[in-house]
Amino acid sequence: MQKKVYIESYGCQMNVSDSEVVASILAKEGYTPVKSAEEADLVLLNTCSIREKAEYTVLQRINEMNNLKARKKGLKVGVLGCMAERMREDLLEKKKVVDLVVGPDAYRTLPELLEKVGTGQKAVNVLLSREETYGEIIPVRLDTSGVTAFVTIMRGCDNMCAFCVVPFTRGRERSRDAHSIVEECLDLVAKDYKEVTLLGQNVDSYKWRPTPSVPDAGADSTGSVDPLDRPANDGRATVDFADLLEMVAIACPTLRIRYSTSHPKDMTDKVLQVMAHYDNICKYIHLPVQSGSSEVLKRMNRGYDRAWYMERMASIRKHMPDCAISTDIIAGFCGETEADHRQTLELIGEVGYDMAFMFKYSERPKTLAARKYPDDVPEEVKGRRLAEIIEAQKVASGKRLQSYLGQFHEVLLEGVSKRSTEHLYGRNSQNSVVIVPRVADGVELKPGQLVRAEIISATIGSLKGRVVSVVNEVALTA
Ligand code: SAH
Ligand code: SF4
Ligand code: F3S
């Protein structure tokens, strides 16, 4: 009998991508993905530990599963992801409704674990790995838009930023085989996807070295381009992130390419050069600054100071004057003074971010900050500083969006607007949302189309456009 699984993802895009790997592993066990917990035989919550609030949300959701289990005999509930890794067996103690706890590197063992769960036992595997990249697994896409997709290029993180739980929940950094990444992108093209986002916690430290192979006399006589065969690369040289980006850009000229997340300490000019060179790589960089104060950045163990960050910004602007930048900011990290906070506000104005994710500092167990620095900024001060940061950012992004007025942008249409069925939404290269009428000059537009639109107005967080033409392919300048 067909079994049904419902997977709910919390936290970052990496979790969304992991859920698709899990769906692929479970498909081989006869599970079909469904769209609600009510329909499922197995509910999996793929969880996040980044802030206390994120964990609280999931704990509440687990409680809701109690009711569902009472109504649905035989329903099994599993917790995956970062909270599974952080809380381990404690989760089974704390929440009796949970049958299964699986950490981010243990998804291949799901079939055995589910077998155990099937006999009425609880099952746990939270082993972290130094090698696991799920490289050859082609994910089952759970997002039904069919236009944009995520491809994970590396796992884990070795950075040890003082506030961050990720190195503890995701383990050591490792890069996925470059060929398997290109193959997954080609598979997306074959399935008619139009955009890919390459994912890693710190994509700039991507590094992969092919195992040396004996030259094969019968090798590729078809004349097809293997980007790794370029003269500069003897087939054994290390592939860095810039090389990987270029490989994907060349192999998939009709695919729009994005990536996330860059780390200011590691972002190279080589990456910027590749971005500038290929039209199908979007002109958008998410470059989390965290704080505008060098003192705070030092305590955060970020590996750069304000001057370094501003130099990286200048280099982005030099290589790509039209590039949009977004960021992450933490308000009220340990020891943050009013003067530090003002430096953050000032930096927001100076950089002019298109967009930002802004958070109150939340102490996480085991992190350097939790062990070394008191969480000494009072809650109401954190709240006030966050509100001021949000306000400064509103002004900055307003200015950026206004500057797009009258310009012509290529917009990839992704779906029907939530506010009106008469409109579609999409994104320009800079990653701003652009809303356009569904019908242009009597022609009905569809998600997946790339259109050229004149930007006619800007509201908070989005742009409105007038479609002037449909672009068939993303042109490649190389
Ligand atoms: N790898 C990415 C960030 C991943 S976490 C990077 O290095 O930029 C996403 C964001 O969550 C971080 O950039 C940070 O702004 C925020 N964050 C992480 N830990 C946090 C904490 N303990 N409290 C508040 N915000 C946090
Ligand atoms: Fe966390 Fe820093 Fe790694 Fe980002 S780079 S995941 S903030 S430790
Ligand atoms: Fe959260 Fe884990 Fe991502 S902690 S932000 S789901 S890596």
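**Exercise 1.** Determine whether N431 is buried or exposed, and where N431 sits.

*Solution.* Step 1: N431 has a relative accessible area of 18%. Step 2: buried means under 20% relative accessible area, exposed over 50%, and partly exposed in between (1.4 Å probe, protein chains only). N431 is therefore buried. Step 3: N431 is placed in the loop between β18 (423-427) and β19 (433-437); helices (H or I, at least four residues) and strands (E, at least two) are DSSP runs, numbered from the N terminus. Step 4: phi of N431 is near 75°, a positive value in a residue other than glycine.

The model is predicted: local features need pLDDT of at least 70, side-chain atom pairs count only at pLDDT 80 or more, and totals for chains, interfaces and linings use all residues. Residues are numbered from 1 along each chain as its sequence is written, chains are lettered from A and ligands numbered from 1 in the order in which they are written, and side-chain values use heavy atoms, with hydrogens and water left out.

**Exercise 2.** Classify D192 by accessibility, and give its phi.

*Solution.* Step 1: the loop between α7 (178-190) and β10 (195-199) holds D192. Step 2: because its relative accessibility is 48%, D192 counts as partly exposed. Step 3: D192 is a residue other than glycine with a positive phi, near 75°.

**Exercise 3.** State which peptide bond is cis, from S260 to which residue.

*Solution.* Step 1: omega is near 5° for the peptide bond from S260 to T261, which is cis. Step 2: T261 belongs to the loop between β13 (256-260) and α9 (269-277). Step 3, for background: most residues other than glycine have a negative phi, and most peptide bonds are trans.

**Exercise 4.** Describe the surroundings of T47.

*Solution.* Step 1: T47 is in strand β3 (residues 42-47). Step 2: its relative accessibility is 0%, so T47 counts as buried. Step 3: leaving aside residues up to four places away in sequence, T47 touches Y10, N15, V58, V79, L80, G81, C82, M83 and A84; contact means heavy atoms within 4.5 Å. Step 4: a polar atom of the T47 side chain lies 2.7 Å from the backbone oxygen of L80. A polar atom of that side chain is also 3.1 Å from the backbone nitrogen of M83. A polar contact is a pair of N or O atoms within 3.5 Å; within protein, one must be able to donate a hydrogen and the other to accept it, and residues adjacent in sequence count only if both atoms are side-chain atoms.

**Exercise 5.** Explain where ligand 3 lies relative to the domains.

*Solution.* Step 1: the protein is divided into domain 1 (3-125), domain 2 (148-212 + 225-402) and domain 3 (408-470), with bounds from an automatic or database domain assignment. Step 2: the residues around ligand 3 include T47, C48, R170 and Q201; a residue is near a molecule or strand if one of its heavy atoms lies within 4 Å of it. Step 3: ligand 3 lies between domain 1 and domain 2, because both give residues to its shell.

**Exercise 6.** List polar contacts of ligand 1.

*Solution.* Step 1: an oxygen atom of ligand 1 lies 3.2 Å from a polar side-chain atom of R51. Step 2: a polar backbone atom of F163 is 3.0 Å from a nitrogen atom of ligand 1. Step 3: an N or O atom in the side chain of Q290 is 2.7 Å from an oxygen atom of ligand 1.
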